[in-house]
Amino acid sequence: MTNYLLTLLCVLSFLIPFTSIGQNSTGDEEEVLMESYPNDHDFYNFYIYDSVEYSQSTPYHALHTHLDFLKEDNYHPKVAARVFPTKVGNLDYRIELANELKLVFAAKGIYVNTLDLPLEKNYIEKNTQKKRYIIDSKIPDIYLIKVGDRWRYSSYSALKVRSIFEEVYPSYSREFIKFISSVHKGQKYVLGLKVWQWGAILVLLLALYLTYYISQWLFSVIIRVLFSKQENPNIIHLLIKKYSSPVVIALLCLLFHLALPLLLLDSYIMLGLSIAVKFVFGLCIATFLFRTADILVAQLMFSRKRFSIDRHLAPVLRSSFRLVALMLGILSILKVMGYNINNLVTGISFGGLIIAFAAQDTVKNFIGSIMLFTDKPFKVGDSIIVKGQSGIVEEIGFRTTKIRTFDNSLVSLPNNLAADNDINNMGKRHFRRFRTMLSLEYGSDRHKVKEFIQQIRTAIDEHEITKKEGYQVRLYQFAPSSIDVLLNVFFVTDDYDIELKSREELMFTIMEIADKVGVNFAFPTQTIHLSSEDKEV
């Protein structure tokens with residue numbers, strides 16, 4: 001008899017938890033507490049409600065309870081509503097909040113699969129030291145708190161859901177999304193999607209296709225209107241060619257991203273499409289920045305203003321701008337994809353500092369090349385004297401300037417030295433000066449000397465490329481072994497070879513004048529006079 005009683009008590013003790021399901025004062029069904037032991041040192045509390053098992057032990061379990069039980073193949077809205085505080089409205093109202101918040105997550109691009117949800121029962125927020133978890137920084141008003149041994153949305157968050165939903169979905173789209181939600185249920189799947197979803201995708205693709213061509217035409221019209229006063233019409237064509245595709249495709253990505261929540265796709269498909277759209281959008285930004293380098297260089301080259309650049313600077317600037325644009329483009333892609341680039345930017349800055357110290361000579365030369373092209377102390381083809389080197393500038397490169405000396409050797413001068421030293425640009429001269437002394441013998445007749453000087457002046461006036469004013473032909477000094485006539489004349493040319501030719505012609509003319517007048521050129525001589533005196537013995 002005792003054994004029968006013990007057996008009966010054991011059966012009753014086992015059945016008691018399952019027979020306690022009934023109705024509470026709020027009209028909600030009661031639940032049964034269960035325990036799950038996923039490992040040896042921790043456990044989570046699970047409950048049975050509406051004939052399904054769920055948990056609110058951690059933020060992870062609470063959010064999954066909300067979203068997983070709103071899926072069509074696992075649709076238990078009463079369980080999903082358990083994550084909202086019971087004092088906020090009745091059960092039907094909380095079910096509406098659960099559905100609206102799910103749609104808000106979809107519109108904001110917040111997917112449970114990508115969230116790093118805590119699995120700690122007593123999770124504490126670092127900033128506030130409270131048992132609170134903000135779902136995403138995009139909607140900071142929506143967060144979970146721990147009440148007793150359960151995590152749920154705060155009362156404040158529950159009251160904010162409706163206003164956030166109305167902000168995300170304007171009035172004209174709310175009824176549409178509700179209609180779509182009702183159509184969503186009860187249809188059969190074809191290749192993983194429902195019939196209405198395939199239809200919506202086809203309509204969306206057709207709309208994007210038409211939008212692509214309309215947007216390209218509209219973009220070209222806007223560019224032509226905005227830059228109608230552009231000095232160079234080629235810039236307008238270049239702007240349309242370079243910017244049309246990335247701008248229009250970025251617009252299509254934005255429209256597709258806005259329409260994506262209306263398709264009510266599975267969260268995994270939504271996540272994949274969202275990542276793909278964000279990547280393409282980031283790629284458009286990177287392409288836009290990269291092509292901006294070409295636009296800037298072209299604008300500077302064709303500009304007629306004082307900051308226009310030399311054509312030899314274009315490759316250097318284009319490479320520099322493209323490098324900067326490439327780095328900004330990569331950072332933009334990572335930012336759009338949702339990565340925190342602050343640490344990466346810090347690392348790049350620190351790495352750039354290290355590289356700058358290691359390659360400071362290269363950096364100096366690069367800055368020097370920029371200074372050479374902007375200040376324009378010389379250009380290719382000029383005859384210069386810098387750092388003891390003289391010759392013709394043959395090439396101005398990224399790091400060095402190449403000078404072809406007059407003995408035909410090639411000298412490579414670092415740009416930082418060229419920029420920091422005095423540069424004598426012989427090629428910038430408007431005139432080429434010829435200065436020399438014409439030394440005549442002592443004993444020359446002064447009348448002949450005057451005639452010699454006068455005829456040289458006449459020869460200068462008659463020469464084709466001599467400057468007819470400002471020259472000097474004067475009796476200059478009595479030198480130790482000659483009478484010197486100063487000749488200071490200018491040739492109107494910027495060509496070194498023509499200067500030499502003109503100098504030669506003038507010198508031959510002077511020799512002919514000397515022979516005709518009858519004066520002789522002196523050369524260094526020394527006369528020694530000896531005197532002797534008779535010595536008395």
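I take two strands as paired if DSSP finds at least two bridges between them. Strands (E, at least two residues) and helices (H or I, at least four) are DSSP runs numbered from the N terminus.

Before starting, I noted that this is a predicted model, where local features need pLDDT of at least 70, side-chain atom pairs count only at pLDDT 80 or more, and totals for chains, interfaces and linings use all residues. Residues are numbered from 1 along each chain as its sequence is written, and side-chain values use heavy atoms, with hydrogens and water left out.

I looked up the open sheet of three strands, and its order is 14-16-15 with antiparallel pairing. Strand 14 (432-440) and strand 15 (472-478) are the edges with a single partner strand each, so one side of each has no neighbour in the sheet. From one strand to the next, the twist averages 20°. I found nine bridges in the antiparallel pairing of strand 14 with strand 16 (residues 483-491). L440 sits opposite I483 of strand 16.

Next, I checked what packs there. Helix 15 (residues 496-517) touches strand 14 and strand 16 (contact: heavy atoms within 4.5 Å). Its direction makes about 25° with that of strand 14 (axes are lines fitted to C-alpha atoms, for helices over the stretch in contact; angles run from 0 to 180 degrees between N-to-C directions). Helix 14 (residues 446-462) lies across strands 14, 15 and 16, at about 150° to strand 15.

**Entry: helix 4**

I then turned to helix 4 (residues 91-108), which is followed by G109, with a positive phi near 75°.

Note on methods
The expected span of a helix is 1.5 Å times one less than its number of residues.
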